[in-house]
Amino acid sequence: MPVDETVSILLVDDRPENLLALEAILKPLGHQLLKALSGEEALKHVLQHDIAVILLDVHMPGMDGFETAELIHSRKRSRYTPIIFLTAVNISDTYMFRGYEAGAVDYVLKPFVPQILISKVSVLVELFLQNRKIRQQTEQLNATIAELENEVAQRKSTELALRQAQEELERRVRERTAGLAAVNQALRAEMTVRQQVEEERARLLVREQQARADAEAAVYVRDQFLSIASHELKTPLTALLGNTQLLQRRVAKNNLLDTKNQHVLDVIERQANRLKKLIDALLDISRIQHGQLELTHKSL
């Protein structure tokens with residue numbers, strides 16, 4: 001930020017020709033020259049402008065230079081504004097002391113020596129510019145510090161928010177992990193139960209298959225037994241039945257038996273036929289189970 005090299009210089013004298021002379025001497029410096037013909041007018045300029053240096057005539061009617069200087073330095077804004085007293089009379093030590101008490105930094109005797117006046121004013125202007133530059137740099141530094149403090153505060157706030165977000169995320173992760181652990185445990189328990197059920201089902205299937213195999217084997221043995229037993233029984237039964245019928249024909253032909261014995265022979269024949277039917281029925285059942293039974297259709 002560039003520093004403005006132009007300043008305001010206040011010239012105070014009750015005589016206009018003196019003001020014109022001061023203006024002619026200081027104009028080459030290129031600064032703004034403010035002119036006042038009285039102490040009251042000088043105070044108005046001080047209220048309205050930031051003055052770098054004041055050239056103040058000591059002897060003025062009404063409010064003199066000492067009173068004007070005291071009033072100027074009573075204000076906070078212009079308390080340290082340098083004042084060069086202008087006087088046309090020789091000054092004593094007491095006179096100078098009073099001027100320094102009123103806030104003067106130097107005295108210049110009339111008539112002015114331009115080089116001396118320019119030198120004194122230039123030094124004070126340079127000091128004012130340096131002070132203004134320092135103030136501007138200080139203000140800029142304070143603004144930078146304020147920005148940095150604000151940035152630090154924002155970073156702290158952001159870090160706090162991030163820590164809180166991280167803590168919240170960690171809490172949710174812990175809760176989710178605990179939930180997943182519980183779900184995994186429940187799944188493992190369910191898988192264990194399912195495995196036990198599958199193992200039990202497999203055992204039952206094996207037992208069922210074994211029982212079915214045993215039943216099929218028992219049925220096969222039964223069928224084999226019935227088939228063999230039927231054939232084995234049918235052979236002697238056929239012989240018994242045939243001989244019984246043969247005996248009946250012979251007895252009937254020769255009339256050898258009485259009625260009572262004939263009845264016994266009839267009973268033997270009936271029971272033999274009944275037993276033959278039972279054996280035939282057993283053989284038919286065995287054929288049905290083995291798919292070997294053939295049916296023949298007869299018309300009535």
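**Pocket lining, a buried histidine and a cis peptide bond**

Pro111 is located in the loop that connects strand 5 (104-109) with helix 5, where helices (H or I, at least four residues) and strands (E, at least two) are DSSP runs numbered from the N terminus. The peptide bond between Lys110 and Pro111 is cis, with omega about -5°. The model is predicted: local features need pLDDT of at least 70, side-chain atom pairs count only at pLDDT 80 or more, and totals for chains, interfaces and linings use all residues. Residues are numbered from 1 along each chain as its sequence is written, and side-chain values use heavy atoms, with hydrogens and water left out.

The largest pocket holds about 280 Å³ of space. A pocket is here an open set of points on a 1 Å grid over the protein atoms alone, where a 1.4 Å probe fits, with protein on both sides within 12 Å along at least five of seven lines; lining residues have an atom within 4 Å of a point. The lining comprises 13 residues, and Tyr80, Thr81, Phe128, Asn131 and Arg135 lie nearest the pocket centre. Helix 5 provides the largest share of this lining, 5 residues.

His31 occupies the loop between helix 1 (16-26) and strand 2 (32-36). His31 counts as buried because its relative accessibility is 17%, the limit being under 20% relative accessible area (1.4 Å probe, protein chains only). The His31 side chain reaches the backbone nitrogen of Val7 at 3.3 Å. Leaving aside residues up to four places away in sequence, His31 touches Glu5, Thr6, Val7, Ile9 and Val125, contact meaning heavy atoms within 4.5 Å.

Methods
Points joined across faces, edges and corners; volume = space filled by probe spheres on them. Buried < 20%, exposed > 50% of the residue type's maximum accessible area, 1.4 Å probe, protein only. Polar contact = N/O pair within 3.5 Å; in protein donor to acceptor, adjacent residues only side chain to side chain.
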